[in-house]
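Please keep the sequence and the model in view while reading.

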Amino acid sequence: QADNVRDKMDRGRQAKGEACGMAKLTEDDVRAIRAAYVFGSSVHGQRSLAGRFGVAQTLIGMIVRREIWSHVV
């Protein structure tokens, strides 16, 4: 199993972003989140953006730190 997963990642056969069937966000949403995010702001902070986009606050932090959706410029 691990070998197969490594192989699909190496060959670029892993669905990313909107191509993943479980994705709640679009690439435009991710760009908007990164553009709007202001550290420590109550208006444009993680909690506010999470509510606006209907996702978890943790997800917003991961997007801003480019831990996920890193392929979006």
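W69 is buried, its relative accessible area being 13%, where buried means under 20% relative accessible area, exposed means over 50% and partly exposed lies in between, for a 1.4 Å probe and protein chains only. This residue is found in the segment after α4, and although W69 is not a glycine, its phi is positive at about 55 degrees. R66 also lies in the segment after α4 and, as a residue other than glycine, has a positive phi near 60 degrees, but R66 is partly exposed, with a relative accessible area of 43%.

## Basis of the values

The model is predicted, so local features need pLDDT of at least 70 and side-chain atom pairs count only at pLDDT 80 or more, whereas totals for chains, interfaces and linings use all residues. Residues are numbered from 1 along each chain as its sequence is written, and side-chain values use heavy atoms, with hydrogens and water left out.

## Packing of α3 and α4

Helix α3 (residues 46-53) packs with helix α4 (residues 57-64) at an angle of about 110 degrees, their axes lying 8 Å apart; helices here are DSSP runs of H or I with at least four residues, numbered from the N terminus. The axes are lines fitted to C-alpha atoms over the stretch in contact, and angles between N-to-C directions run from 0 to 180 degrees. The two helices, α3 and α4, are therefore roughly perpendicular to each other, a term that covers 65 to 115 degrees.

In this contact (heavy atoms within 4.5 Å), Q46, R47, L49 and A50 of α3 meet Q57, I60 and G61 of α4. By class, the contact of α3 with α4 has three nonpolar, three polar and one charged residues.

## Salt bridges

With a salt bridge defined as a side-chain nitrogen of Lys or Arg within 4 Å of a carboxyl oxygen of Asp or Glu, the count comes to five. One of them pairs R6 with D3, whose closest N and O atoms are 3.8 Å apart; because R6 and D3 are three residues apart in helix α1 (residues 2-10), they are separated by about one helical turn. R6 is partly exposed at 48% relative accessibility, while D3 is exposed at 52%.

E27 forms a salt bridge with R31, the closest N and O atoms being 3.5 Å apart, and E27 is partly exposed at 24% relative accessibility, as is R31 at 37%. Salt bridges that share partners join E27, D28 and R31 into one network.

Note on methods: Angles under 35 degrees count as roughly parallel, over 145 as roughly antiparallel, 65 to 115 as roughly perpendicular and the rest as oblique. Ala, Val, Leu, Ile, Met, Phe, Trp, Tyr, Cys and Pro count as nonpolar, Asp, Glu, Lys and Arg as charged, and the others, Gly among them, as polar.
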